[in-house]
Amino acid sequence: MIAIVDYNAGNLTSVKLALDYLGTCAEITRDPARILAAERVIFPGVGSAGAAMQNIRALGLADALRQVVQRGTPFLGICLGTQIIFEASEEDGGVQGLGIMAGTVKRFHPANPADKVPQIGWNSVAFVKPHPLFAGIESGSEFYFVHSYYPAPADRACVLGETEYADIRFASVVTRDNLAATQFHPEKSGRLGLQFLKNFTAWKTA
Amino acid sequence: MLTKRIIPCLDVRRGKVTKGVRFQNNVELGDPVEMAAAYSAGGCDELVFYDITASAEHRPIDIEMVAAVARAIHIPFTVGGGITGLADMARVLTAGAEKISLNSLAVQNPTIITEGAKAFGAQCIVLGMDPVKMPDNPRFPSGYEITIRGFRERTGLDALAWARRAEELGAGEIVVNSVDADGTQQGFELTLTRLIATQVHIPVVASGGAGTPDHLAAVFTTGCADAAIIAGMIHTGAYTIRQIKEALLAKHIPVRKKW
């Protein structure tokens, strides 16, 4: 069973539908016990970091999320979920994150007015190194992004994929042990996004 | 590099996709779910569904159709038409749509943009606007007036002023649908698109007039659009999405190549 973490941060239907399509058993839940018991955990989310962290605290999910990562359960962050696993975000006047991964989340400040914020659309992800999550996907393939902020991990060794926007080359996929996180939305990235999610459901972490 | 998005538009009327010129003489083209699946497999980057008669007939949006589309495709899609408030927006998003397009409702009640952005995130809230050319009228400094209810009513709003206001209110994206170009397949309204796209800081989607790949190339370069809506040129089979993308790539316009 895959637990899709529900913390009132946007629409989780697409993640569930993508996993349904792959024939994977998944449950949308906000119960810490269900999250801790899951074989794998997906931590999605859209919206603002401030509201998301408030909801996580109000629902008592912070400890469960840290624990599940620490005990080795394969864990996938998506978009806002990815951003709040870091230590801090510049959003909403500065927000403290879960601190599961070292680093911060920064806002795009385009010098060129043609670079709009949010970045909305398909951008390419250059693979920094091979990884089981990239099985069957070519480096440079495009995935669907919707975001105004981007992850800046402290440890370069965590960066698995990179994407360029507004004169910034940012970490669009990060990983550490059993944890992986994408800034793009695999569940909205067509066939290749489904392949990425399928790779996650089969990922054997050390 | 961020690619330019190509977005087929499916106008749905009584459960079928239709196509008309300036919202008139509509003919049936097919089943929305089947067409969405085919265009997604064919390489479109997003889809937009307008329940085009909902607003005028005061009917709710067809949630079953939205849910069926969400099961069939795994790329973003927008739903517009017939949205009466936050509860409708929640139903459409929960059914699996990525974005809501607000048009007439936003003109009548602009705070719905802010409320929607606050409740669901700005990325979910698309302002759809239908400007018509109004040259040499001091009430409309941009040269365009906003119309609503399928071009049937004028609003007295200047197109550029309304676009800026929508951005301030929290819209995540703006679809600029030229009333004058809609359904003609004679090319996008480049002046209008460029005016809006260069004056707001959120992505602008051009709509109305797509007939050839050259029209898309022009709206992505001269028009400064971030994305473009197409309809007749693929609904009739005149072009495939692959053909359109190959023509754009030949002109060095970045588009998604693998799907």
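## Around Asn177(B)

Let's start with Asn177(B): setting aside neighbours within four places in sequence, Asn177(B) is in contact (heavy atoms within 4.5 Å) with Met129(B), Asp130(B), Pro131(B), Phe151(B), Asp182(B), Ser207(B) and Gly208(B).

Asn177(B) belongs to strand β10 (residues 173-177) of chain B; helices (H or I, at least four residues) and strands (E, at least two) are DSSP runs numbered from the N terminus. Is Asn177(B) buried or exposed? Asn177(B) counts as buried because its relative accessibility is 9%, and buried means under 20% relative accessible area, with exposed over 50% and partly exposed in between (1.4 Å probe, protein chains only).

## A word on the model

This is a predicted model, where local features need pLDDT of at least 70 and side-chain atom pairs pLDDT 80 or more, while totals for chains, interfaces and linings use all residues. Residues are numbered from 1 along each chain as written, chains are lettered from A and ligands numbered from 1 in written order, and side-chain values use heavy atoms, without hydrogens or water.

Beyond four places in sequence, the contacts of Phe77(B) include Lys188(A), along with Leu47(B), Phe49(B) and Val66(B).

## The largest pocket

The largest pocket holds about 1100 Å³ of space. Its lining has 46 residues, with Gly47(A), Ser48(A), Gly121(B), Ala122(B) and Gln123(B) the closest to its centre. Elements giving two or more residues include α3 (49-58) of chain A and α7 (159-169) of chain B, but α6(B) gives the most, with five.

On a 1 Å grid over the protein atoms alone, a pocket is an open set of points with protein on both sides within 12 Å along at least five of seven lines, a cavity is a set where a 1.4 Å probe fits but cannot get out, and lining residues have an atom within 4 Å of a point. Points join across faces, edges and corners, and a volume is the space filled by probe spheres set on them.
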